[in-house]
Amino acid sequence: MRYILRVLGPIIFSLYISDIVSLVQSHSLDVHLFADDIIIYGSSSSNSMSSLSIKVSRCLDDVSNWLRRNGLLLNSDKTKVMWYSSPRRRLPPFPLVTLDNAPVLAVNKVKYLGVVLDSHLSFRDNVSLTARSCFSVLRRIRSVKSCLPNPLIAKLISSLVFSRLDYCLSVHTGLPATTLWRLQRVLHASARLLHGIGRTAHVSPALRDLGWLSIPQRIELRLACLSFLCVGRSAPAYLSDQLQDVASVLGGRRLRSAASGRLAVPRVRRRTLGGRAFGASAASAWNSLPTSLRSDLSLLNFRLFKSSVKKFLLHVNSM
């Protein structure tokens, strides 16, 4: 018997498994799909964790059955469950989540699309992994520095170091300075390598000369760019739906800020968790921009907007 294997492209594959979204939502859960990676998630109070685990277990069984009926297979060895909670709260033992009557492995951290997620969303492991990867590349560049001109070294740092440093940088929003300092050290080491200065010399003049933003400012830049795409409705709905302009809020048209292009910042109970959410952090970053950048987006394209925001942040840093 001869079998013919047909390889689906990414767009056709996404259409092929799109029914999983409605299947998961029928269980009152949310889902994110990226290629063949599926994340199913939900939330509950500490008193309702058992009902949430039952809901997730039933959803996983339905997804597994749907995949079998459509000629696909769910890899149970790679299926994991992680409970997110605040480290300050004492919670009862987490209930089991099952798949085909077998318990799903519970973990405290998982790597998804290159980002290490931990159960408290502290992102310390992700920061450590990023810093180690960047320093490893810098050591390799330093070993061949004598053979390369400075412009080529700058391109290597931009391509091989900053691509790692800036990847999903916005998830580090609101992290303490002690955590972000490891990423800031990558910037300092890159500037020292490019300018040929020692560890004892002050690195701030080199950073200003290179026009590099600090890590907190790079996060602000990324949030502002994401807000720009959300306001222009170019971002996915799960992001753009979290941002609302002041004019659309009840009574917002009577406010003076309604005509300035400001976004409504939702009230949060805890700044250490709720304040780091995209809806709150992106709106705050957007509102901190000058009115000229927020008021008339039709005059700006994305590259011009990003360049203008970077110039603004550099100007603020120099003051």
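Helix axes are taken here as lines fitted to C-alpha atoms over the stretch in contact, with angles running from 0 to 180 degrees between N-to-C directions. The structure is a predicted model, in which local features need pLDDT of at least 70 and side-chain atom pairs count only at pLDDT 80 or more, whereas totals for chains, interfaces and linings use all residues. Residues are numbered from 1 along each chain as its sequence is written, and side-chain values use heavy atoms, with hydrogens and water left out.

Helices (DSSP runs of H or I, at least four residues) and strands (runs of E, at least two) are numbered from the N terminus. The axes of helix H6 (residues 177-195) and helix H8 (residues 215-231) cross at roughly 100 degrees and come within 9 Å. H6 and H8 therefore count as roughly perpendicular to each other (65 to 115 degrees). On the H6 side, the contact (heavy atoms within 4.5 Å) involves Leu 180, Leu 183, Gln 184 and Leu 187, and H8 contributes Ile 215, Pro 216, Arg 218 and Ile 219.

Strand S1 (residues 30-34) runs antiparallel to strand S2 (residues 37-41), to which 5 bridges join S1; pairing requires at least two DSSP bridges. Val 31 lies opposite Ile 40 of S2. The two strands, S1 and S2, form a hairpin with 2 residues between them, and Ala 35 in the turn has a positive phi of about 55 degrees.

Ala 247 is located in the loop between helix H9 (237-240) and helix H10 (278-287). Because its relative accessibility is 17%, Ala 247 counts as buried (under 20% relative accessible area, with a 1.4 Å probe and protein chains only). A C-alpha separation of 8.6 Å is found between Ala 247 and Ala 264, which are 17 residues apart along the chain.

How values were computed:
Buried < 20%, exposed > 50% of the residue type's maximum accessible area, 1.4 Å probe, protein only. Parallel < 35°, antiparallel > 145°, perpendicular 65-115°, else oblique.
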